[in-house]
Every structure is written in structure tokens, then in C-alpha cells.
Amino acid sequence: MSKPLATKVSTPQMSKLGPISHFPSPVSCDSLMLQGLRCEWGAGVLNLVSSLSHSLILTGHWKFNMAPHGKELSEDLKKRIVALHKDGLGYKKIAKTLKLSCSTVAKTIQWFNWTDSTQNRPRHGRPKKLSARAQRHIQRLSLGNRCMSAASIAAEVEGVGGQPVSAQTIRRTLHQIGLHGCRPRRKPLLKMMHKKARKQFAEDKQTKDMDYWNHVLWSDETKINVFGSDGVKRVWRQPGEEYKDKCVLPTVKHGGGSFMVRGCMSAADTGELQFIEGTMNANMYCDILKQSMIPSLRKLGRRAVFQHDNNPKHTSKTITALLKKLRVMVKDWPSMSPDLNPIDPLWGILKRKVEDCKVSNIHQLCDVVMEEWMRTPVATCEALVNSMPKRVKAVLENDVHTKY
């Protein structure tokens, strides 16, 4: 068994001690080392100090902090520390076994030696301002309207109970029940018909193997800006640096320019990429199919299936007649389901790579987009297509929206 921590204590001689009232101010019990005093004080005085300090601890008049700056250990963990110590393990071995600090182990054992218990003294604090009924009312309000602000909830609670409550108290109460203010995810608005179509699609495709998904040519279009994406950006900064050049997001009139592109991909590789000039209509989409999409589809063999969404231009009579004439098998697709298309995250990868190139005009942007699109690794395309079974499963599990 390891020896307890020892501290050299400088003590006056017995003849100079005087009465107990002249003792120095008491220190914390974890620093009182009776072993260091045994050699200089008599047994009677030693027993008197021991019994006095033990009495002060039990009555709560002597301050003894288990972990003043850390989280309180659980009762089970403290019992394990004591049990290991009784088995003969030292402080360092116990700390290494339970992944704790030596000081935490030492204080736990010392507290057990003084009180013969692992329980801490009851702690007192200011009583809660809100009753249990008021807390349940706050929870019902927040769950009933997830966009309701803390100030609005505070006004509602004050109107019902008549007791003024601050918005910070509302936030603290919501945090205690596991509710935190977060930025909501942006997802397409789904009507009941969309939900039913998505669920039916997932049920029909949940048994398909990877050979089926590998013969699908996925297509989609997106907008690419000269000065980065339209999404929310974050920067790392210190207080007072919000207006420094490195911490500011530059803006230009009209966004600096942008254009639309339409591309396609499969598990084998990326397909052709087509830049769109102006507003696309059915005739323009017909030309894109002939020039880019159909040639990329033919490379996948006779079993290849073409996928595009249910945009009115894609389902027009002109496009339907063209695809039928070219004997192109079109994949059935539920509306409002970009999360089921594996090419959608590929656009995000492409935009991040383009943004790192720091282009300054449309012409440079076109060249960089085409270059980065052609350099897309085949492994990336394969990994995105391999996620299709998980996407289908997520629709069945979540019934509405997915994480994709």
C-alpha cells in the first residue's frame, strides 16, 4: 500500500505552543498531515487535534472540498477508488486504472478516512425561482412552437403566473431539459403527396443491390458564384477582430457574377458538364441531352438508366418524345427529393475546390470549374453512389426528411 502524501510541517516546540485558541487558522483537511506532527507533538495533543478536526468535519464547520474546480465524481466511482485502495493499490495505480488525477484519488481516499463514507456533505444554494409546474409549462410552450424565442416564452409565463422571469432563466431551464437553440436545417417543403411518393420510392428500391445503382446516370444542375456559395460562412476570430481584413467576407455588386451548369455522374466516373447560358427551356434542355447527357449514358452499356428530376422542362412532351425516340430508360423519381440524388453532395465538393482557387471573373471561373470537374476522383463518385441504400433506408426510418 502506498504511503499517503506527506508535507514537511514546521512546528514550534511544545513549551511554546500555548492554548488551543492560539493555533493558526485551520487549513483544509487534505493538507493536515498527522504523520508529520507525530514526531514533534505528544500523543495527547495529537489525539486532541485529531478528534477536534474530525468533529469539525462532521458538523460542516471545517471546509473540505472534494473537487472545487471539477465535476463531482459519481458514488460508484468513489466506491471503486476506495475498494482499490483497500486492495493495496497506490494512488498512482488507481489514477491510471480509472483515468483520474492523483489528487482526485488522494482527496477521495482522505475524505473516506475522515468520515468513513464516500458521500459529500449536502450543498445549499438559492432555491429555484420557477416551480416544477412552471417548468413543465415552459417545456410545453417550447415544444409546441419550436421557433418561439426565450423572451416570448418569458412574457407568456409572466402573463400566466404573474411572476417576472428573465429570458436567461428561460434559456437555462430549457437547457436543463435538453433543449438548445440551433440553426434549423433547410429542407424542401414537402406536401402530403410528396411524402407518399418518397415513401413509395423507398419501399420499391430498398431491396435493390449495388449492381442496380451502378447502372444509373445521375444528373442535376446547380449555380456557381464567382465569390463563393450563397450559404452561411464562419470565421475564427478573437474579440475585437470582427473588422479585420482576414475576418471580413467581401461582397460586390450583383454578386460578382454566376452561371448555371448541368452535369451527370455514375459510379464509374463523372460525365459531361454543360454550361447553361440564359434561361433554360425545353428546347435548350433537348440540346443538352443530345450533346452531353446521352453520350455519357451510352458509356454505361445497354442496362443504363437515366435519372433527372420532375422539373416541368424535363417532363415536357418534347423531352418525353426525344427520350422515347432514343430508347432511353428513364428512372422513376419522387418530386422534391434532392437528398436522394448522390450528385447533390458532389456539387458541394466542386464548389469548395473552386472557392479555394480564388477566381476573380466569370472566364476564370469557367476554366476552373471544368478543370476541377474532370479531376474528380472515381473513388468519390463510387462512394456517393454506394450511399444510395442508406439514403433509401433513411427515408423509411425518418418518414419525412433525412440528413442527406
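This report looks at the overall build of a predicted protein model and at some of its salt bridges.

## Basis of the model

Residues are numbered from 1 along each chain as its sequence is written, and side-chain values use heavy atoms, leaving out hydrogens and water. Because this is a predicted model, local features need pLDDT of at least 70 and side-chain atom pairs count only at pLDDT 80 or more, while totals for chains, interfaces and linings use all residues.

## Overall build

The protein has 16 helices and four strands, taken as DSSP runs (helices: H or I, at least four residues; strands: E, at least two) and numbered from the N terminus. Of its 404 residues, 34% are buried, meaning under 20% relative accessible area; exposed is over 50% and partly exposed lies in between (1.4 Å probe, protein chains only).

## Salt bridges across the chain

Nine salt bridges are counted, each a side-chain nitrogen of Lys or Arg within 4 Å of a carboxyl oxygen of Asp or Glu. One of them pairs Arg 198 with Asp 339, with 2.9 Å between the closest N and O atoms. Arg 198 belongs to helix H9 and Asp 339 to the loop between helices H12 and H13, so the pair ties together parts 141 residues apart in sequence. Both Arg 198 and Asp 339 are buried.

Asp 211 and Arg 303 also form a salt bridge, at 2.6 Å from N to O. Here helix H10, which holds Asp 211, is linked to the loop between helix H11 and strand E4, which holds Arg 303. Asp 211 is partly exposed, at 35% relative accessibility.

Arg 375 meets Glu 372 in a salt bridge at 3.6 Å. Arg 375 is exposed at 54%, whereas Glu 372 is buried at 10%. Through shared partners, salt bridges join Glu 371, Glu 372 and Arg 375 into one network.
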